[in-house]
Amino acid sequence: MNRVIHWFRRDLRVSDNTALQAAVQRARQVIPLFILEDAFRTGPDVGPARLAFLLQSLEALRKNLAELGHTLIVRRGRSEELLPRLCREFGAEAVFANKRYEPYAQARDSRVFNRLNEAGVGFELFKDAVIWEEQEILTQAGKPFTVYTPYSKAWKARNIPPPRGKLARIQGNQSGLPGFPSEPIPTDPAELGHPLTQSLPAAGERAAMETLRKFMRGPVYQYAAHRNLPAVDGTSQLSPHLRCGTIGIRTILSALAKAREGTNPAQRQSCEVFLNELIWREFYLQVLHNFPHVTKGAFRPEYDALAWSETRDHFQAWCAGMTGYPIVDAAMRCLNATGNMHNRLRMIVAMFLTKDLLIHWQWGERYFMHKLVDGDMAANNGGWQWSAGTGTDAAPYFRIFNPVSQGEKFDPRGEFVRRWVPELVALPDEWIHRPWEAPLAAGANRYPDRIVIHEEQRPKCLAMFSAVKKVT
Ligand SMILES: Cc1cc2nc3c(=O)[nH]c(=O)nc-3n(C[C@H](O)[C@H](O)[C@H](O)COP(=O)(O)OP(=O)(O)OC[C@H]3O[C@@H](n4cnc5c(N)ncnc54)[C@H](O)[C@@H]3O)c2cc1C
């Protein structure tokens, strides 16, 4: 082929990029393109943190490409309308891109395919974001897995491919492209109608590689012990990069394989636990693809009949971190300020919303998507349905976290709580997770009272679930 467009989407990197590598191998000239779609501004799931992270990652990509002699073209509009026009303008014979798995993205891609097909232009999609796709790992009966453990066993039984190469500096036969006009990359998400109030991690491919190196230099060996402690930097922090594609999954797995070499059994076990988390990501992606109804309701449809509470005051208190439960409030305030929340805390606040406040998991799912820098439809939906007890491999509905004992177990000295709840800074450890028991003089008086009493809500939650179980 003479000229191909590489359409960057959630793969904002020049290394370990499957479609980009294929484009370079098969075409004489490759035009790197990014489309700022209208959906980035108006979609129901848009969040300022994610948008800002994407724009910063895009700017980093533009610079990386420029260092290699390539010019990133940025255009605004609807991809199905723009792409046929751009192919004509650029004289491109095909568009290459890496596959997306969310139902809305797949619907968009099939519209793009039809429009390009009408224009006589090829559209090729490549597996890139995952090691194994939705139809590659199936049960012996040829059905998708709905339970994680057998899925992960089947996942691990196969060989993992190595990272793809890095885009090379432009060669003589690829140069000579005319200068196509490009739009500037907005530096502030406010320009797209979403002002940012959160402080974000560093974006871009280099920051992603540095995050990976830092994790593999030490924390990965302690991951099994530290990953549940929110006060410790014990996890990889790679999720925003995986979400934006500023790092390739094969690159992470190859670094993990190297980190494992010559280690002791405890360190190897820690590496294995980390691998398991990466497999959870693919597990939920295949659930989303194979059971797209999860985006609209419970994986187990009988749970769509649950009589959830609609108490808005409770929901607002949860969002603002004003529930009176320190670990819940610290977690929510951290999310609001940084766009990030530790996995253990995501489970605690999700259980609290659904099992203590008895509020629909979809309210929480939406709020998370609005706030999270790593907000990802598959992982977020999976995490919420797991916590609510309505999902595939869900915690059984009668498993209800106690927010006090969770706090005492995973933040025993209250370090995380004190970081985010200034009202409790002076409170001794003894009461840090149960300030209502502290004497007045202990210093928790400016902190809100509990909006519900966990011990009273638990039976209500069990009754709500068993009402549905009796009917079905
Ligand atoms: C209610 C709820 C909502 C969640 N929403 C999201 C979301 O929108 N986006 C998101 O990426 N993760 C989500 N998770 C999963 C998990 O909390 C985050 O992936 C993790 O906290 C990110 O931090 P890390 O990169 O340091 O993770 P690490 O512990 O270092 O894990 C490495 C990677 O594995 C993947 N991973 C880890 N745990 C999970 C999991 N339970 N499910 C799927 N993938 C996982 C992520 O890609 C992560 O970056 C959610 C979990 C819950 C309980």
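## Contacts and model

Contact here means heavy atoms within 4.5 Å. The structure is a predicted model.

## Overall fold

The protein chain holds 19 helices and five strands. Its 472 residues would give a compact globule a radius of gyration near 23 Å. The chain has 24 Å, which agrees. Along the principal axes, the C-alpha trace spans about 75 × 50 × 50 Å.

Take the contacts between residues at least 6 apart: 79% of them join residues at least 24 apart.

## Surface and charge

Buried residues account for 55% of the 472 residues. The accessible surface of the chain is about 20200 Å². Carbon and sulfur atoms contribute 53% of that surface.

On the charge side, the chain carries 60 positive and 49 negative side chains. The centres of these two sets are 4 Å apart.

Strand β4 covers residues 94-98. Five of its five residues are buried, so the strand is largely enclosed by the rest of the structure. Ala94, Phe96 and Asn98 point one way from β4. Val95 and Ala97 point the other way. Both sets are buried.

β4 pairs with two strands described here. Strand β1 (residues 3-8) runs parallel to β4, joined by three bridges. In this pairing His6 stands opposite Phe96. Strand β5 (residues 122-126) also pairs with β4 in the parallel sense, over five bridges. Here the bridge partner of Val95 is Phe123 of β5.

Arg3, Ile5 and Trp7 point one way. Val4, His6 and Phe8 point the other way. Arg3 is therefore a charged side chain on a buried position, since Arg counts as positive and buried means under 20% relative accessible area.

β1 and β2 run parallel and are joined by six bridges. Arg3 stands opposite Gln29 in β2.

## Helix α4

Helix α4 spans residues 79-90. Its buried residues are Ser79, Glu80, Leu82, Leu83, Pro84, Leu86, Cys87 and Phe90. An α-helix has 3.6 residues a turn, so residues three or four places apart point the same way.

What covers the buried residues of α4? The cover includes strands β1, β2 (29-36), β3 (73-76) and β4, together with helix α5 (103-118). Just after α4, Gly91 takes a positive phi of about 65°.

Asp16 has a phi near 50°, a positive value in a residue other than glycine. Its place is the loop between β1 and α1 (18-26). Is Asp16 buried or exposed? At 1% relative accessibility, Asp16 counts as buried.

Leu358 is another such case: its phi is positive, about 60°, although it is not a glycine. Leu358 sits in the loop between α14 (343-356) and α15 (361-371). Its relative accessibility is 11%, so Leu358 counts as buried.

## Arg250

Arg250 belongs to helix α10 (residues 249-260). With 1% relative accessibility, Arg250 counts as buried. Which residues does Arg250 touch, leaving out those up to four places away in sequence? They are Arg13, Asp16, Thr18, Asp128, Val130, Ile131, Pro161, Pro162, Pro163 and Arg164.

Arg250 and Gly234 are 16 residues apart in sequence. Their C-alpha atoms are 22 Å apart in space.

## Gly443

Gly443 lies in the loop between α18 (415-420) and α19 (454-471). Is Gly443 buried or partly exposed? With a relative accessible area of 26%, Gly443 is partly exposed.

Gly443 touches Glu423 and Leu427, not counting residues up to four places away in sequence. Leu427 is 16 residues from Gly443 along the chain. The C-alpha atoms of this pair are separated by 5.7 Å.

Conventions: Residues are numbered from 1 along each chain as its sequence is written. This is a predicted model: local features need pLDDT of at least 70, side-chain atom pairs count only at pLDDT 80 or more; totals for chains, interfaces and linings use all residues. Side-chain values use heavy atoms; hydrogens and water are left out. Helices (H or I, at least four residues) and strands (E, at least two) are DSSP runs, numbered from the N terminus. The radius of gyration is taken over C-alpha atoms; the globule rule is 2.2 Å times the number of residues to the power 0.38. Buried means under 20% relative accessible area, exposed over 50%, partly exposed in between (1.4 Å probe, protein chains only). Accessible areas come from the Shrake-Rupley method with a 1.4 Å probe; for residues, only the protein chains shown count as cover. The place of a charge is taken as NZ of Lys, CZ of Arg, CG of Asp or CD of Glu. Two strands pair if DSSP finds at least two bridges between them.
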